[in-house]
Amino acid sequence: MVRVIYFTDKAADLATQITEYTDLVDGREGGVEAALKEAFDKKIDLAFIGAAGIAVRLIAPYIRDKTTDPAVICMDEAGRFVISLLSGHLGGANDLAKRVAVQIGATPVITTATDLEHTFAVDIFAKKNGLGIMNPSAIKTVSSKVLRGEMIPVKTSDPTLIFHEECRDFLRPVRDDERPVINVVDSGWLFSMLDLAGIDPYMPLPDRNTREDLLMDCGVNDRCLYLYEQDLAVGVGCRKGTPIDEIFPFLKDVLMHKGLCMARIGSVSSIDIKKDEPGILGLCGVLNVPFHTYTAGELRAVKGKFTPSKFVEEQVGVDNVCERAAALTAGVTGEKIVGKMKTERVTISIYRKGSI
């Protein structure tokens, strides 16, 4: 969804030409601050129609981090230019600006250096491969080396990552005792790194500045970009109105029981009738991950062994929500890590993601 904010009649007319799924906000009627706060909390894409300066001033109090901020674009009310304003790569603002520009017949304005040079962008690389970024400050180290034409030494247990066509001219395996510039750590290394830094592995990562300070204090190389797998798909079912205060602690207990880092969670999924469930949406906000929903028919079609419930089937049309939703998100080569676990009002299952 794209939340479109405008302030004039002419801008309102332009907003109707945007063919993305939109939520229109008339800034003349108030409510802009609330709309912006919700967009940043829930990572809802934003599109302003009006002066870029107005957009910058409005979003300034809510900007936190490039790894969590939503995409923000801005276009003039004449519909001539669409500017990627914030979160061009990880948030997807560059792609959004290009799509909207096509829809309204405008020129997209992209200013990120790696895009202008048509070269490798490590944050896009991370996003495409389901990798989280531990220390975003080191992105600039990678980007500056790429722009100077240097090959980037990468340490990873999965060398296929760096041999994709779009990577082979920019990345190479680390040699012998050479220090990597990118280190793709496995789950065991991630757990140890967080533990060494005094970061609770069973809670969401602290904000960027806090975690980078903690990592530096325990000797983690700040000139190396650390990436980690966000390979866990969490399926959730719950009774209507179940608050996040019940769902989150149960998820934490499940992770502790299995020794799984919360940072590895890459998505939450459920049945489509839960798409507006406040407790699950709140969980996604805390974890900063997307929420995938599926129809009962899509869930029924998933192959595998799942714990059935006649009650659930009578209520929603499929015998199991959490396991089937997690399995569908994880893909056909996904692996069940946690089968259906439940409290009185919540069910949770976790799969490790595979390829579709």
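How exposed is Lys66, in terms of relative accessibility? Here are a few friendly notes on that and on the charged pairs around it.

1. First, the ground rules: this is a predicted model, where local features need pLDDT of at least 70, side-chain atom pairs count only at pLDDT 80 or more, and totals for chains, interfaces and linings use all residues. Residues are numbered from 1 along each chain as its sequence is written, and side-chain values use heavy atoms, with hydrogens and water left out.

2. Lys66 counts as partly exposed, at 34% relative accessibility. On this scale, buried means under 20% relative accessible area, exposed over 50%, and partly exposed in between (1.4 Å probe, protein chains only).

3. The side chain of Lys66 forms a salt bridge with that of Asp123, at 3.9 Å from N to O. Lys66 sits in the loop between helix 3 (52–59) and strand 4 (72–75) while Asp123 belongs to helix 6 (residues 122–128), so the pair ties together parts 57 residues apart in sequence. Asp123 itself is buried, with a relative accessible area of 4%.

4. Helices (H or I, at least four residues) and strands (E, at least two) are DSSP runs, numbered from the N terminus. The salt-bridge rule gives a count of 24.

5. Two other pairs are worth a look. Arg148 and Glu150 meet at 3.0 Å, N to O; Arg148 is exposed at 53%, and Glu150 is partly exposed at 32%. Asp319 and Arg324 also form a salt bridge at 3.0 Å, N to O, and both residues are buried.

6. Finally, a network of salt bridges links Arg3, Asp23, Glu38 and Lys42.

Technical notes:
A salt bridge is a side-chain nitrogen of Lys or Arg within 4 Å of a carboxyl oxygen of Asp or Glu.
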